[in-house]
Amino acid sequence: MNRITELFGIKYPIIQGGMVWCSGWRLAAAVSNAGGLGLLGAGSMHPETLQEHIDKMKAATARPWGINIPLMYPEIDRLMKIIIDSGVRIVFTSAGSPKKFTPMLHEAGITVAHVVSSSLFARKCEEAGVDAIVAEGFEAGGHNGREETTTMALIPQVRKATSLPLIAAGGIGCGQAILAAQALGAEGVQIGTLFALAEESSAAEAFKQRCVAMSEGDTMLCLKKLAPTRLVKNDLYGRIAEAEARGADAEELRGILGHAASKRGIFEGDTNEGELEIGQVASAVNKIMPVSEIMDNLVTEYRSAMNFEPLL
Ligand SMILES: Cc1cc2nc3c(=O)[nH]c(=O)nc-3n(C[C@H](O)[C@H](O)[C@H](O)COP(=O)(O)O)c2cc1C
């Protein structure tokens with residue numbers, strides 16, 4: 001037991017990050033049933049869809065689970081109302097300030113964690129009263145820190161900046177990396193990429209196959225003028241990179257991305273023209289596995305990694 005397993009009432013301090021177009025009830029329930037914490041990714045759900053996933057989640061697991069909400073979501077007030085009215089116990093917020101919503105969620109008895117990419121924002125989270133912090137390095141899939149701070153550099157600094165329970169995210173693809181995150185000061189990990197490529201993820205098969213075939217260097221952080229995002233280098237990425245190299249502004253970049261680019265790429269499987277969000281560690285994933293196998297591997301690898309000879 002540690003502060004993260006106690007805070008969320010889970011067996012393993014392994015959180016499946018909320019992920020647009022990937023983390024519906026099937027994935028989140030599988031992670032919670034395997035002893036981790038599954039999070040529904042509300043960022044790609046209309047309010048009615050979120051309600052449906054909450055209802056299915058309640059039927060699919062008796063274990064603790066939660067919801068991730070990016071705070072810049074346009075229908076945020078409606079989503080928050082659904083979450084509170086449905087009796088959800090855990091919320092992970094991201095992409096915005098936790099100041100406004102944390103007191104409201106606390107009043108409803110909800111445990112709140114917030115995702116940051118710097119020590120500065122970690123301190124702001126502490127001021128806002130959140131219960132735990134996820135510190136995410138720029139190896140991660142999805143939206144990302146503008147400053148490009150890696151997980152290895154970020155975690156010890158956030159550890160010093162706050163005394164709150166700390167969850168490390170970004171580039172964690174094996175049990176050894178969980179041990180490394182712990183050595184850096186984290187008490188739990190949030191994993192996205194591995195679970196986005198799991199059997200139970202709602203991402204398109206074509207997206208998963210494209211990602212498991214990747215090599216190192218096949219993703220790149222771009223779109224800093226919009227929201228910094230790590231993308232697979234496909235045709236769409238090529239056009240974005242070319243435009244960015246000649247100084248394209250936010251409006252032009254928005255035009256190149258087009259409407260619903262991440263849905264097109266991740267959910268509908270248009271691997272050439274869609275926005276394919278995945279982390280650097282995808283190049284270490286070679287096959288699509290069920291969540292139970294991924295969790296077993298993480299636990300086994302973590303335990304065997306503890307048997308090392310001290311270096312110093
Ligand atoms: C496809 C994809 C979609 C994501 N969508 C979200 C999201 O909606 N909200 C969020 O807070 N983080 C999102 N993330 C980030 C994850 O929750 C997680 O923090 C990150 O993937 C961890 O790094 P890793 O990919 O190296 O494991 C997304 C990541 C991926 C790969």
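**Exercise 1.** From which domains does the shell around the ligand draw at least three residues each?

*Solution.* The model is predicted, so that local features require pLDDT of at least 70 and side-chain atom pairs count only at pLDDT 80 or more, while totals for chains, interfaces and linings use all residues. Residues are numbered from 1 along each chain as its sequence is written.

Step 1. The protein is divided into domain 1 (3-202 + 287-305) and domain 2 (205-281), with bounds from an automatic or database domain assignment.

Step 2. Domain 1 and domain 2 each supply at least three residues to the shell around the ligand.

Step 3. The ligand is surrounded by 30 residues, the closest being Gly 17, Gly 141, Gly 142, Gly 192 and Gly 279; a residue is near the molecule if its C-beta atom, placed from the backbone, lies within 6 Å of it. Strand S3 (65-70), strand S9 (188-191) and helix H9 (193-196) are the elements that give two or more residues to this shell. Helices (H or I, at least four residues) and strands (E, at least two) are DSSP runs, numbered from the N terminus.

Step 4. By class, the shell comprises 13 nonpolar, 14 polar and 3 charged residues. Here Ala, Val, Leu, Ile, Met, Phe, Trp, Tyr, Cys and Pro count as nonpolar, Asp, Glu, Lys and Arg as charged, and the others, Gly among them, as polar.

**Exercise 2.** Describe the contact between domain 1 and domain 2.

*Solution.* Step 1. The C-alpha centres of the two domains lie 23 Å apart.

Step 1. Domain 1 contributes 24 residues to the contact and domain 2 contributes 18 residues, where contact requires C-beta atoms, placed from the backbone, within 7 Å.

Step 2. On the side of domain 1 that touches domain 2, S7 and H9 are the elements giving two or more residues. That side has 8 nonpolar, 12 polar and 4 charged residues.

**Exercise 3.** In what order do the strands of the open sheet containing S11 lie?

*Solution.* Step 1. The order is S7-S11-S10, with antiparallel pairing; two strands pair if DSSP finds at least two bridges between them. Strand S7 (142-143) and strand S10 (219-222) are the edge strands, each pairing on one side only.

Step 1. S10 and strand S11 (residues 229-232) are joined over 4 bridges, and Thr 219 has Val 232 as its bridge partner in S11. S7 and S11 are joined by 2 bridges, and His 143 is partnered with Thr 229.

Conventions. Two residues are in contact if their C-beta atoms, placed from the backbone, lie within 7 Å.
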